[in-house]
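Reader: I am new to this structure and would be grateful for a close look at the pockets. Which residues form them, and of what kinds are they?

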Amino acid sequence: MDLDAELSALAAQEDLPADLVRRLLQHPGARRSVALLRRDLTDELIAEIIDLGSVRTLAANSSVPSRIRARFAEHPEPSVRCAVAASVRDEHLGLLARLAADPDPSVRSFLAMNEHLPAELLELLAADSEVSVRSSAIQRWRDAPDNVRRMLLTDADPGIRSDSVRAFAPPPDLLPGLLADPATRAAAVAYAVPTPELAADPDSDVREAVAAHPDLPPGLRDLLAADQDVFVRNAIAARPDIPSAMREQVVATLEPDGPVAEWMLSFSRGTHTCPPATPVPPNLTRQQAESLLAQAGL
């Protein structure tokens, strides 16, 4: 671990004495870690962090006192208000309502992704005039009630309709319209009966969705195993019900044209492996922390 990383790790150490925390504020990376991660910040440390220019990072710390958070919600910089909106929890409804009515849509988008919002505010944000805010609400509110789902599944914006059908199981009466809509057809396949017409759709995304359908008949499976699109064939190779000999034949035809495509194909089949997580460094004693600070000139 390099020196900067060691200082940032030290800044997050829970039992670190306050005088050492203050010295870390002079290092930009460590200061950001202090501002974002520490739960024991005093008013003096908070004021110093603000004076040093890390107010946006501080605003993202959910442990900052409510009275300070209320000040940040009125900050002139939208990025600071975004940080507050993303990190608020257990705040009074007035502050949340203020953020939900923020004139900058990015603030409302960050608020819509917050896990601690009451349903009434989520419903307000799901009906927001800005597409980006409605999209954030969809990603966050997967258990939205039926009236909200219907509203979003029939939204005027094709991107919102597409996001919605991927997030929500559509009511049966809306499925025909979603299958007829080019923006939602591929995602709606998961809720339809696989048919030869869908398996022959000119849109490869639709055919790929058919190839991944859990109730795909063997005949359509075998047909799509020879599809011209590599991602359709890959979806067939990923199926648990494909005979091993056929899987080997299909995998042999998967020739990615670059590292990104290779990763996407292997990820879909579950053959991609992630590197091991970086181990958490051990806590330093005061003497070790002093030595590290001295090494950094702090």
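Author: The lining of the second largest pocket comprises seven nonpolar, two polar and one charged residues; Ala, Val, Leu, Ile, Met, Phe, Trp, Tyr, Cys and Pro count as nonpolar, Asp, Glu, Lys and Arg as charged, and the others, Gly among them, as polar. The model is predicted, so local features need pLDDT of at least 70 and side-chain atom pairs pLDDT 80 or more, while totals for linings use all residues. Residues are numbered from 1 along each chain, and side-chain values use heavy atoms, without hydrogens and water.

Of the ten residues lining this second pocket, Ala-9, Leu-10, Pro-281, Pro-282 and Leu-284 lie nearest its centre. Its volume, the space filled by probe spheres set on the grid points, is about 200 Å³. A pocket here is an open set of points on a 1 Å grid, fitting a 1.4 Å probe, with protein on both sides within 12 Å along at least five of seven lines; lining residues have an atom within 4 Å of a point.

The largest pocket has a volume of about 310 Å³. Its lining divides into eight nonpolar, one polar and three charged residues, and includes Val-165, Arg-166, Tyr-191, Asp-205, Glu-208 and His-213. At least two lining residues come from each of helix 13 (158-167), helix 15 (185-188) and helix 17 (204-211), where a helix is a DSSP run (H or I) of at least four residues, numbered from the N terminus. Helix 17 supplies the largest share of this lining, three residues.
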